[in-house]
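Please read the following briefing alongside the sequence and the coordinates. It takes up helix packing, an aromatic pair and backbone geometry in turn.

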Amino acid sequence: NTKRLLLVSVVIVITLTLGILARIVNIYAVPVALCTMLISAMISLKAGIFCNVAMSILIASLAAGGSEAYTVQMIYVLVTNIVSGTVASLMMSRSASRIRALLTGFAVAGVNFAIIIGYGLMTASSLLGTVQDGLYSCGGGIAAGLISIALQPLLEVIFNLPTPMRLLELSNPNSPLLRRLMLEAPGTYHHSILVANLAEASAEAVNANPLLARVGAYYHDIGKLKRPLYFRENQVGGDNAHDHT
């Protein structure tokens with residue numbers, strides 16, 4: 001899908017750019033989880049995990065250098081980001097709300113800190129340096145959550161994606177079009193709610209997207225606001241408007 005490939009490319013470029021900038025401060029401060037959070041929320045869990053591995057390799061390569069110490073750090077960065085990114089993917093694929101993104105950022109921060117402190121206690125000669133790296137990794141995780149909250153709505157609009165967060169906004173009864181339907185065609189509005197309940201239950205039974213089915217049902221008769229006589233149930237007397245079109 002060209003649109004999704006372009007979205008993945010944009011997210012990877014943004015994350016890699018932030019990584020290059022954050023590397024100036026500390027390699028562990030790079031918000032690697034940003035990529036997997038956005039992809040998992042807007043595309044799928046599998047795509048998020050795949051992009052996380054790819055991004056972890058790219059960011060780990062930024063830690064590469066000419067000495068053995070840099071090679072060890074490269075491995076640490078790779079392992080830490082793969083583990084915390086997988087956690088982020090699992091959390092964001094289940095719910096893409098803003099509070100979930102923030103909680104995911106804190107979860108990534110906690111996982112990063114635990115991993116860095118864990119292998120630091122076993123291998124590092126300086127506990128202070130290990131704690132410092134752990135704190136930088138916490139900052140990177142929290143930054144990933146905050147940036148994700150800011151970027152996701154923008155990317156959803158630009159790429160016109162039916163993400164859970166956007167579908168929830170469309171299902172809000174106070175959205176302009178649904179409010180018009182409720183006020184101008186209340187019978188159709190209540191009928192659409194019943195159809196939405198049936199559609200959601202059916203989608204759950206066949207492992208489809210229940211939220212997408214529900215929101216689609218809300219809007220399936222929206223044309224009655226403008227052309228009510230084009231719908232069979234409103235064609236009293238047998239006169240079909242389609243015959244004269």
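How do the axes of helix 2 and helix 3 cross, and within what distance do they come? The axes of helix 2 (residues 33-42) and helix 3 (residues 45-62) come within 7 Å and cross at roughly 160 degrees. This is a predicted model, in which local features need pLDDT of at least 70 and side-chain atom pairs count only at pLDDT 80 or more, while totals for chains, interfaces and linings use all residues. Residues are numbered from 1 along each chain as its sequence is written, and side-chain values use heavy atoms, with hydrogens and water left out.

**Helix 2 and helix 3**

- Helix 2 and helix 3 are therefore roughly antiparallel to each other (angles over 145 degrees count as roughly antiparallel), and their crossing is right-handed.
- Cys35, Thr36, Ile39 and Ser40 in helix 2 meet a set of residues in helix 3 that comprises Leu45, Ala47, Gly48, Ile49, Cys51, Asn52 and Met55, where contact means heavy atoms within 4.5 Å.
- By class, this contact of helix 2 with helix 3 has seven nonpolar, four polar and no charged residues.

**Helix 8 and helix 9**

- The axes of helix 8 (residues 176-184) and helix 9 come within 5 Å and cross at roughly 120 degrees.
- On the helix 8 side the contact is made by Leu178, Leu181, Met182, Leu183 and Glu184, and on the helix 9 side by Pro186, Thr188, Tyr189 and Ser192.
- Sorted by class, the contact of helix 8 with helix 9 has six nonpolar, two polar and one charged residues.

**Aromatic pair**

- A search of the whole structure finds one aromatic pair (ring centres within 6.5 Å).
- The rings of tyrosine 76 and tyrosine 119 have their centres 3.8 Å apart and their planes at 25 degrees, so the pair is stacked (planes under 30 degrees apart).
- Because tyrosine 76 lies in helix 4 (residues 68-94) and tyrosine 119 in helix 5 (residues 98-123), the pair ties together parts that are 43 residues apart in sequence.
- Tyrosine 119 is buried, with a relative accessible area of 13% (buried means under 20%, exposed over 50% and partly exposed in between, with a 1.4 Å probe and protein chains only).

**Positive phi values**

- Most residues other than glycine have a negative phi.
- Asparagine 160, in the loop between helix 6 (127-159) and helix 7 (164-170), has a positive phi near 50 degrees and counts as partly exposed at 48% relative accessibility.
- Asparagine 207, found in the loop between helix 9 (186-205) and helix 10 (210-218), has a positive phi near 60 degrees and counts as exposed at 73% relative accessibility.

Notes: Axes are lines fitted to C-alpha atoms, for helices over the stretch in contact, and angles run from 0 to 180 degrees between N-to-C directions. Helices (H or I, at least four residues) and strands (E, at least two) are DSSP runs, numbered from the N terminus. Angles under 35 degrees count as roughly parallel, over 145 as roughly antiparallel, 65 to 115 as roughly perpendicular and the rest as oblique. A crossing is left-handed if the near helix is turned anticlockwise from the far one by less than a right angle, and right-handed if clockwise. Ala, Val, Leu, Ile, Met, Phe, Trp, Tyr, Cys and Pro count as nonpolar, Asp, Glu, Lys and Arg as charged, and the others, Gly among them, as polar. Rings of Phe, Tyr and Trp (its six-membered ring) pair if their centres lie within 6.5 Å; planes under 30 degrees apart count as stacked, over 60 as edge-to-face and the rest as tilted.
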